[in-house]
Amino acid sequence: MKTTPATTLERAEPRIDRPRTSPFRAAMGCEWRLARDDFAWWAAVALLVGCVAYAIQEGRARIDARARALAEAALDEERRLGALTVLLGRIDRGEEKAPAAPYRDPRNAIYVGRGQGAALAHLPDAPLAIAAVGLSDLYPQVLKVSAGIRDGFLFADEIANPAGLLHGGFDLAFVLVSLYPMLLLAVCYNVLSGEREQGTLALLAASSAPLARVLLGKLAVRAGGLTAAAIVAAWVGLALAHPSSFRGGGLMRLTAFTGAVALYGAFWTALALFVNSFRRDSAFNAVALVMAWVVLLLVAPATINAAAQVLYPAPARSEMIEEVRAASVDAERDLDAAEARYREEHAEAKPAGDGRSRRTLEVTIAADARADEVLARQEARIREQRALCDRLAFLAPPIMFHDALAELAGNGHTRWDDYLARVADFHETWKSFFVDRAGRDARLTADDYAHFPRFDPDASGPASADASARRVAASLASIALAAVVLFAWSTRRLARAG
Amino acid sequence: MLEADSLTKDYPGGVRALDSLDLKVPPGEVFCLLGPNGAGKTTTVNLFLGFVEPTAGRALVCGVDSRLDPLAARRKLAYIPENVMLYGKLTGLENLRYFSDLATGYRLDRGELLVLLDRAGFPVEEADRPVSGYSKGMRQKVGIAVALAKRAEALLLDEPTSGLDPLAANEFARLIETLRGEGMAILMVTHDLFLAQQCGVRVGIMRSGRLVRTLETVATDHLGLERAYLEASRVAEAS
Amino acid sequence: MTRPAGSTAELGVPVNPIATVARKEWLDVRRDSRWRALVVVTLLLMLASLATGLAQIRRLEAEHRAAEQGDRRAWTAQGAKNPHSAAHFGQYAFKPAGPLALADPGVDAYAGNAAYLEAHKQNEVQFRAARDATLAARMGRLTPAFVLQTVMPLMALLLGFSAFSGEREKGTLPQLLSLGVRPTHLLLGKGLAGAGVLLGLLALACVGLAAGLRAIPSGHEAQAGDGLRTAGLFLAYALYLVGFLALALAVSARAPSSRSALVGLLGFWLVNTFVAPRLATDVVDEALPLPTAQAFRDAVAADKRALFGHDETHPGFVAFRDRVLARYGVKRVEDLPVSFRGLSLREDDEAGYRIFDRHFGRLEAEIERQDALRSLPGFLFPMLALQPVSMAMAGTDNRHHHHFVRAAEAHRRAIQTAASQDLIDHARNGDESYVAPASLWDAIPAFHYERPGAAWAWRGQAANLASLAAWSSACCLLAWAAARRPRLS
């Protein structure tokens, strides 16, 4: 900018050719100078960065613990199968007599499939799993798929302190969904009321710059700085603590994650601007914004959940127990094999006939068919409940954001649903492998052992990834829409004189 | 009786707000404290109220040391700040009842409270309106009614007329005269030379925490007072 | 207080300054439309939480009854059968939803509700209802406990944050003090009014709870302990809310401005209500880690290898047989007057009980130790002490869950013992075809869970109640100290 001599300045008209600064950029510049010396703003930034770092470290510990549990289970599987193949080899070579009890015989297809041979299934951590616990703490780390009925292994839970599950851990999703907006509100709640209270509003209003533009400039620094700090902290934290977050599609997920954080921040900033546009004092704004936080983050999810529970109550799992037990009673009676299980444990005295194993098998098949039917019915009901929740969730951006984070972390409903469906398929494959052989009275051979079906943890179909991407996109779109509406509305309110 | 005895107050950072003030306001007298901002006038009032503790010396209200027993001292005096503030959600009468209940420990009935408001010059027909619409003058009058209800023996006024229009200020001056007539010892801090001349029996001029000059109002007029004020200020500046 | 000498007016009625202040504060709240709205919204939230909770509990109660009946049907329909085979078929123990879960459903959705009682094996409780809920359900549950734990303290802060600082900013504080009012009387008056609002709402919540309890068609006789448990809830929440109010008053008396008082208090509220419980989860898991399910099951299996089970070549089995033969003074099993199979089953089971007691006992103790550690900082962040008390009084904490687990296991053992005893008494040695008559299944009772009494619940929470009381009194002392010399400028 050219400097004008003071003498001519007094009479000079504003010159047209001088570059004009936008009120937005001027406000940003001024706000940045203020923020630089504002202890409270730096404290908010430091707090957020600290929480993000801690959450990432916690996430790392969680992932490591999961990997350890997985390794433990894999070791157990290896030992079980190893012992069986060794025994099989000894029997084949005639070094040892086959055990009298059919359930100890490594050649007995149905018992090996049901117990000793049971195959592991697990959902591997997605690249961004560190970001959100999501559903992963409620489901067992590893499922031991057996040729028995599905509910027998599906509901084997991981050991956990129920109180810990109830309160949840300190994951990155919690920091971003709950704490981040609170800190945003802490730095933005008095963006207009503060100006009035320190007496600078009159000067601002007297200038020709549109108030909304000036406030947006201020918010861009206050909130934008905080958001940028959160994002940078997350990237740096992930790079240090879990570099594999960036591999295997991780970078794309991370980009979407960054966009989600920015949009969510924009929503809360817009809300702060909106409340300020009512031109009340700072204490009012603070209370109103905290109330909004409570309503959107706590009351809305709780109410939506309560409504869904009342309208579509979750199925009683006890129904399934009852059905399966009734089925097995019937089957046993039909087959005159009421003591199938008894024999299973008490047959050492006499060599077991293959007929007994087959009866056990058929009881299982009958019960399994019934269990599948009940499970399908119950799953359908759960889906209805979830569909209602999903529709209502559009009213509450924090729910959408949380869901998006869980999806991006690979711990959302889409990926887990897909995994459980794959486990169900695998259960069928596994079962038929052994049932076929048991039905033919065939004994398992070393070749069979080498060709046991394996669950492929990474075989998730593209359909699941697409569904997840759509879900994330819908969530982000709804948050963006809410932010835009609030910004537009606030701008209109601020444009009115007041 | 209000009595300051070598009253001294230092604020943190070594600022001496009040420097060995000696002052005596007997019952039935109005003592006006004049002086520029920062001369120590409000500090003097706060010391009598026991809101701040003196660094040295004593502030006595009817013989009670405000530092040793601030509650007993406060019970003997009434205080009217620059702006009497009232609770916006309550009516004038409810405000008066609240303050008088707390001041005296006795419940006065509606009639008695209205009498007090009337004596304070308050338009009693306004007594049942919420105070959010009251003018400053009306609020000051509620303050006087509280002082009356309390039957205080001493009255502290901190710039009570600043911001009042001349008519209201004049009315206020007459009310103070009435209170003096009841035998109250009145210490009034003000910037208003005219008010000081009109109400004061004696006028003290303060400068930098010291009482630099005391005049009897009967011995001077408004102009004389102004001259003395400017002189005292210049002397202080020169020293 | 004496009136000045020379008073001409007759003395009025003496008034208490604390009551005067409280009355005026109450008037302020009543005339403020924002407060009216806040109270109405809170009451609506409580009502909604009670209504949905009631619907939930009635459904769970009906499901529970149906499940019990269904399981009984399956058990009694077994027909003539070898008793040990029936023991393998087993029963299910279903955990009933206690009526006070209406106040705080606690860990119920995360602890499972059905235990399979089968031969030789203590099973973990299955079916965590939370698995069937949505992700969003874990963000918050609409329960009276939620309203009382998170929304009501916010209300306490709003009641208190400007009590002194607001008067100071308005200019009424010096006026009030100039009257000769003791600042602590101001504190007590304001505290009384605020506590009146809070405890009034709390009492309404308890009344609503009591009404809700009457509307639950419980198959179990209404326990006299429910009253004592509700009293425990009231006490804990009253300490919590009064503590928050006192804290707000203390901060208000000393904070430089209402705004900073509000921001500081909201910060504490956020940390106490949301951050501390989650941090506690992680810290506790790292300090006192639980075994994985795999490790736990492996450890049980390793110990069980010492048992002979049905393995007649196991050295333990041989030794036991020789002992029994010696005791009866016979040479061969066939000469025993009682069923050796029955005896060996009972022997094996009893050895198993010791193993399960050890492992499950250790796991339960570890979980309860975690809970104790979790609530340790409760005297700083009262939420950590309040939540366990709330859940314990409602009968929905881990300790109550473990009580259920032990009751279920005791019933499993009763089934095993009855089945083995029938074998011992009636089966003949060498005859594998023995079956018990169907009437035996009727003679073995169904599982009936008796909730522990209120005194038991109270005893378990002595430490947490002490923490809460300590925090609350510390806040009150703080308020007292701060209000003795309130900030004036």
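Helix 6 of chain B buries F172(B), L175(B), I176(B) and L179(B); buried means 20 or more other C-beta atoms within 10 Å of the residue's own, exposed 12 or fewer, with C-beta atoms placed from the backbone. Seen down the axis of helix 6 of chain B, the buried residues fall within an arc of 105°, so they line one face. The arc is taken from the directions from the helix axis to the C-beta atoms. On the other side, P166(B), L167(B), R174(B) and G181(B) are exposed.

This is a predicted model, with local features needing pLDDT of at least 70, side-chain atom pairs counting only at pLDDT 80 or more, and totals for chains, interfaces and linings using all residues. Residues are numbered from 1 along each chain as its sequence is written, and chains are lettered from A in the order in which they are written.

Helices (H or I, at least four residues) and strands (E, at least two) are DSSP runs, numbered from the N terminus. The buried residues of helix 6 pack against these elements of chain B, with contact meaning C-beta atoms within 7 Å:

| Element of chain B | Residues |
|---|---|
| Strand 3 | 30–34 |
| Helix 5 | 136–150 |
| Strand 8 | 154–158 |
| Strand 9 | 185–189 |
| Helix 7 | 193–199 |

An open sheet of six strands in chain B has the order 6-8-9-3-10-11, with mixed pairing. Strands pair if DSSP finds at least two bridges between them. Its edge strands are strand 6 (77–80) and strand 11 (210–216) of chain B. Four bridges join strand 3 to strand 9 of chain B, which run parallel. F31(B) has L187(B) in strand 9 as its bridge partner.

Terms used:
Contact = placed C-beta atoms within 7 Å.
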